[in-house]
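Here is a short tour of one chain, written to be read with the viewer open. Take a moment to turn the model around before reading on.

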Amino acid sequence: MISFLIFACTTSNLDYSTALPGQTQEPCTPSEPGSYARNTPDKLVGVKIFTMEEDLQSIRSADEIKSLGLNTASISFAIPYDEQGNIRYPFNPYGEKYSSVDDTLCRIGNLVHEMKSAGLSVYLSGEPHYYNPTDGEPPPALTEFEDSAVIENFQSQVIPVMNELAKMAEKYHVEYVAPISEPDKYLGAAASNTLMQEILPSFSDFQGKKVWQVYGEAFYELDVESYRFSFAGYDTLGYAVLGCDSPRYDWDNYINTLWTWAQEDNVSEAFHAEFGCVMQPSNQTEALSNLQYWYDMTSSYSKGVVVLDNPKSIPNSQTFTGTWVEEWLVSIAQ
């Protein structure tokens, strides 16, 4: 697709098309999308399944999602970066092995097609990931490297990837796309504003909704007056409330401030794009009360909620199937 692209200004070993030694690249099937169109549910109610790797996710199929009365699958498109900010392959997230951008497009495109063929709505998010993580340690953000060229490298190299992600999302009639999910987590506020505006032309032909999903955990610690995001050009604000047993005040501030900014930027729609717990809460009763509280807080304008099915490989992680989180979401769907 985009094998001809060369980034002469960097030393990246980025490869868009070559498979790993001994690995056969997964075919892009189907070559054309199915007969499905974009869904327009009143409310999105679903689960974030990443790439639905069976060894990691408790949700294993589109049929499982539908059997619970849910209508949405949230899928991740990983974008690996190295210490220089170069997009770097091979990459092995969520138990999958991706040899190139083309390989990732094929694999994620196949998964999107599977969900759409089952009648589900899809929320697709581009997610930066450190290409060579150390077990048990959080990956470094691009802002952790002192050289300013690191962020500049990522910004320049991710645009061609965005072009192809937008084409794939339109091909399969994806309902919602966050070109870069939680960019402030990796780039900081100023660079996020710049990049998210630079990305918009890539999605000029995309007919679904463009989402700006904002990182939540660090937000309430910042001086919000100097941390103003610009949501101009986007259709939907995505909340990432992932502190089910955190103090309510912190997340109330996050939700209310972002919704004020969104309205000022003529963004009239929001939803809980990533919701729930990362780790198992110390007090399940309190956590359940919090989830209901934050859901009710936004119910008058929110387009819905997507709950995190945290990978089982993370120690003490809060998974979804067979848990109190599943019971709560099913009650919302009903």
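Predicted model: local features only at pLDDT ≥ 70, side-chain atom pairs only at ≥ 80, totals over all residues.

The chain holds eight helices and eight strands, and buried residues account for 58% of its 334 residues. If you count contacts between residues at least 6 apart in sequence, 81% of them join residues at least 24 apart.

The eight strands close into a barrel, running in the order S1-S2-S3-S4-S5-S6-S7-S8 with parallel pairing. From one strand to the next, the twist averages 25 degrees. For a close look at one pairing, pick S6 and S7: they are joined in the parallel sense over six bridges. Histidine 272 in S7 has tyrosine 239 opposite.

Here are the residue ranges of some elements that come up in this report.

| Element | Residues |
|---|---|
| Strand S6 | 236-241 |
| Strand S7 | 269-275 |
| Helix H7 | 284-298 |
| Strand S8 | 302-308 |
| Helix H8 | 324-333 |

Now to helix H7. Its 15 residues reach 22 Å from the first C-alpha to the last, close to the 21 Å expected at 1.5 Å a residue.

Which residues of H7 are buried? They are Ala287, Asn290, Leu291, Trp294, Tyr295 and Thr298. Viewed down the axis of H7, the buried residues fall within an arc of 125 degrees, so they line one face of the helix. Their cover includes S6, H6, S7, S8 and H8.

Terms used:
Residues numbered from 1 in each chain as written. Heavy atoms only, no water. Pairing = 2+ DSSP bridges. Helix = DSSP H or I, 4+ residues; strand = E, 2+ residues; numbered from the N terminus. Axes fitted to C-alpha atoms, helices over the stretch in contact; angles between N-to-C directions. Expected span 1.5 Å × (residues − 1). Buried < 20%, exposed > 50% of the residue type's maximum accessible area, 1.4 Å probe, protein only. Arc of directions from axis to C-beta. Contact = heavy atoms within 4.5 Å.
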